[in-house]
Amino acid sequence: MALLIFDVQLCFAQQLSTKEICPETLVIDSAGRRVCLNPKKWTGDYIPTDIRAMFVEAPGEVEIKLIPPKPWGVQQAGRMYWIDNQRVLISVNDYKGWMAGIDELPKVFIFNVDTGHVEETPYRGNVRCLSPEGNLLLEEKALKYSNHRKFGDTSPYEEFFLEGPFGKSLTRFGIKHPSKEVRIINEYTCNHYDNSEDKNPPGNSLRKGDGFIARSNSFYDKNYTRLLDENGKIVYLFKELTLCEKLHMPDYLPWLNKYFSSAPIGQKQGGICPDGAKYSWLISANGVEIKTLPKLFQVATAFGRGLAGNGFGYWARRGQYITLNSTLLGGLYWQDEKTGITKRVLKKPFDLSNLSPNGCRAISGDLIIELCKED
């Protein structure tokens with residue numbers, strides 16, 4: 001019997017009179033009959049009662065919009081970087097009939113995600129970083145693979161970058177030198193520095209004046225993650241981290257002048273990682289504020305439940321959001337701190353890593369999500 005297999009959430013088996021849920025696959029046999037593999041009896045939306053009581057559906061809290069059609073094709077060279085709350089900066093390899101050759105750098109455009117207006121800039125390269133203050137970092141990847149280079153030619157640098165205030169001329173520099181000079185990019189300020197002067201342990205430098213997040217090289221050092229000030233003094237020790245969690249590189253939130261990081265949400269294994277993710281953190285130069293993840297995600301990821309899949313937390317203007325990839329509980333959740341209620345605002349996962357400077361909207365693919373439409 002020939003079978004055609006595809007993923008679904010709900011189906012009706014013709015030979016049965018009751019509704020059934022297909023947690024894995026629905027198969028169609030050669031006679032066109034739909035048959036569930038490993039069907040389970042339908043009980044509402046099949047979310048366990050204790051989990052169902054931990055959140056409410058609130059689709060009206062957010063709005064999804066399509067970005068206006070872009071005048072370039074699939075050769076977008078990288079992500080969009082917010083200039084302000086309407087315009088983004090983007091590198092592209094094709095535009096209205098122009099296609100970058102093997103030795104050509106991408107063109108850089110300003111694109112208004114509300115009106116679709118496009119403005120070409122004089123810059124060339126891959127946009128690597130744009131800080132809230134407007135410092136621009138371009139990567140000249142194409143120069144590394146130039147077909148004009150003759151056999152045996154070498155370059156003193158492995159990578160080239162251009163740096164400077166957006167709208168002005170940029171300074172070109174090499175980031176990796178084969179002898180001793182090694183320059184590091186600060187992802188928050190979009191500039192570089194020579195790490196031969198860096199006395200900090202492994203970790204991430206924050207913005208000037210905000211300190212440094214340090215990590216030990218030892219996996220078993222429970223005090224391995226700490227926030228240091230610019231003089232190396234410990235401001236905060238992340239004692240709440242377990243061996244199965246680590247503090248991810250925090251996102252800078254311009255509207256708060258703080259940073260945010262969340263423990264990754266995922267299924268836990270008994271004996272190794274029996275506890276679900278519990279915390280996220282708002283970080284500033286003066287200290288750290290612990291934000292407990294909603295109980296929903298702690299319970300759903302606990303050992304033996306297997307309900308939540310994997311997810312990650314974000315902090316936008318209206319507070320903490322969690323996006324979850326799961327057949328049963330998948331979607332975007334918002335923790336309303338005023339009421340303490342966890343709300344599922346979308347039934348599809350939505351990545352909020354590319355937030356606008358005001359924390360009210362995010363780009364994911366060709367979509368924008370409006371998070372503050374009620375404010």
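Visitor: Where is Glu104 found in this predicted model?
Guide: The model is predicted, so local features need pLDDT of at least 70, side-chain atom pairs count only at pLDDT 80 or more, and totals for chains, interfaces and linings use all residues. Residues are numbered from 1 along each chain as its sequence is written, and side-chain values use heavy atoms, with hydrogens and water left out. Strands are DSSP runs of E with at least two residues, numbered from the N terminus. Glu104 is found in the loop between strand 12 (98-99) and strand 13 (107-112).

Visitor: Which backbone nitrogen does the side chain of Glu104 reach?
Guide: The side chain of Glu104 also joins that of Trp98 in a polar contact of 3.5 Å; such a contact is a pair of N or O atoms within 3.5 Å, one able to donate a hydrogen and the other to accept it, and residues adjacent in sequence count only if both atoms are side-chain atoms. At 2.7 Å, the backbone nitrogen reached is that of Gly101.

Visitor: Is Thr342 buried or exposed?
Guide: Thr342 lies in strand 32 (residues 341-346). Buried means under 20% relative accessible area, exposed over 50%, and partly exposed in between, with a 1.4 Å probe and protein chains only. Because its relative accessibility is 6%, Thr342 counts as buried.

Visitor: What is the phi of Asn257?
Guide: Asn257 lies in the loop between strand 25 (251-253) and strand 26 (258-262). Asn257 is partly exposed, at 45% relative accessible area. Its phi is positive in a residue other than glycine, near 55°.

Key: Helix = DSSP H or I, 4+ residues; strand = E, 2+ residues; numbered from the N terminus.
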